[in-house]
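Open the model in your viewer and keep the selection tool handy.

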Amino acid sequence: NKMKQILFVADECHEMFRVNDNSRAIGNEISEILVKIAKEGRNQGVHLVLATQTLANTDISSEIINNISDHYLLKCALADSEKMVPKSSDITSKLTTGNVYYHHVDNNYVFQAYYSDKQQVEEMMQIIASKSENVKTNRAFYFNGASLFSFNQTVLDNNAKKYRRTPVAFVGKSIDINQEDVSIPLKEDYSENILLLGLNDESQSSRVSINLLLSLLAVCKQRNDDVDFKILDCLNNEDDKYSEVLYDLEDEGLVDIVPPKKRTSFFKQLADDVQAGTAKETMLFILGQDRFRELKLDLQFENETEQSELIGIAAFGLDTSQQKKSVKSFSEALNVILDKGPEEGVHTIIQLEKASNYLFADYISHKELFQKFKHLILLKSDENAATQLRLRNDIRLENLSKEEERLRAYYYAEESDTYTLFTPYIPQQENELKQFIKTL
């Protein structure tokens, strides 16, 4: 289908080409995009209008400059004038206020630009506005990189249809014109688990984990679901500014934080219940799986009681070959929970800093990982993470911001192979949170 004609206007465009080590990767990506538009856009009705007062400290690609057909040069730095149009500085250096040197491959001349005073500008804007009243538009959209959103009752009300049939987690707002709430449905189906991958040195992963927890608690409350929320806090970091929320939720009886001394019995029981098909609906959060020591050492479970029961059954001449085998270690238990749990209503949310620490396996293929997780939340990670997960080539997790006001993440839905860049919700303020917890 023929595209609509698009006019892309960038004022102070030098900001896109600044020489800065912190943003060089982003600058390179911008240049690649603009080169493609400049080369291929015109015959499809896509036009660039780039304006700037200076090119100092910039690295604008020669491919972009060579694909600019029309130059309008005012009096400017000689180096800038020469960079845009060779041998033009003799002319631009003599220009006076309002004079413009126009250069095209087939024509060039100096002219006097129009000047419109404030009243004329306002009148022109009114004419434009009246002409565009009946034109369909995506509306005006301003994004400065620091937009902050929080999860609240409004998010629930606006998305009520989404969780009518299944629990849904809400993680943030998409970075686009629509700014939609990014939702993750957890169906009772194969591999319906969530893996949250990203650095946590400034509590960015904890922030997303807490919002996942709060949204699922709220949705299950709205649905009147009887679901257990079990938390394994392997981070155990008192300095983490979000850890206090967990204990507030536990004090209200909304979650159960499994202490280290009870992890063995809890894990074994949950895995055995999943295998037997008797598990209660559960949301299991494993925070800081990188530090899950029992899993790292793959500690074994003691099965003396079970073995004596089987021996007793065998003594009565009964066949023990059909008896369900109990899991024998932490890794076996977690694999059972991940593989078979979702179909029994047991969903696992794992927060992990390094992809290489996943289940502490010597090697795990991306295919094996996606067999256990249909949903990935990806924050700033080391540069090898995207490659290990075989993500799309243009996904650069190492370039994502981890600043509190500009936190960025991708939601990857493996089943549909789609990526959504979003801004994670910020946790509510203490008073707001207490009020919100009361509604649960």
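In which handedness of crossing does α9 pass α12? The crossing of α9 past α12 is left-handed, meaning that the near helix is turned anticlockwise from the far one by less than a right angle (clockwise would be right-handed).

Before you select anything, a word on the model. This is a predicted model, in which local features need pLDDT of at least 70 and side-chain atom pairs count only at pLDDT 80 or more, while totals for chains, interfaces and linings use all residues. Residues are numbered from 1 along each chain as its sequence is written, and side-chain values use heavy atoms, with hydrogens and water left out.

**Stop one: two helices**

Select residues 263-276 for helix α9 and residues 330-340 for helix α12; their axes come within 9 Å and cross at roughly 40 degrees. That angle makes α9 oblique to α12; under 35 degrees counts as roughly parallel, over 145 as roughly antiparallel, 65 to 115 as roughly perpendicular, and the rest as oblique. Axes here are lines fitted to C-alpha atoms, for helices over the stretch in contact, with angles running from 0 to 180 degrees between N-to-C directions. Helices are DSSP runs of H or I with at least four residues, strands are runs of E with at least two, and both are numbered from the N terminus.

Now show side chains. On α9, the contact (heavy atoms within 4.5 Å) includes F267, L270 and V274; on α12, look for residues including F330, L334 and I337.

**Stop two: an enclosed strand**

Next, select residues 282-287, strand β11. Here 6 of the 6 residues are buried, so β11 is largely enclosed by the rest of the structure. Buried means under 20% relative accessible area, exposed over 50%, and partly exposed in between, with a 1.4 Å probe and protein chains only. T282, L284 and I286 point one way, while M283, F285 and L287 point the other.

Strand β9 (residues 228-233) pairs with β11 in the parallel sense over 6 bridges, and K230 stands opposite L284. Strand β12 (residues 346-352) also pairs with β11 in the parallel sense over 6 bridges, with I349 opposite F285. Two strands count as paired if DSSP finds at least two bridges between them.

**Stop three: an open sheet**

Finally, find the open sheet of 3 strands, ordered β3-β4-β5, with antiparallel pairing. Its edge strands, β3 (71-73) and β5 (107-112), each pair on one side only, and the twist averages 20 degrees from one strand to the next. Select β4 (residues 99-104) to see where 3 bridges join it to β3; H103 of β4 is the bridge partner of H71.
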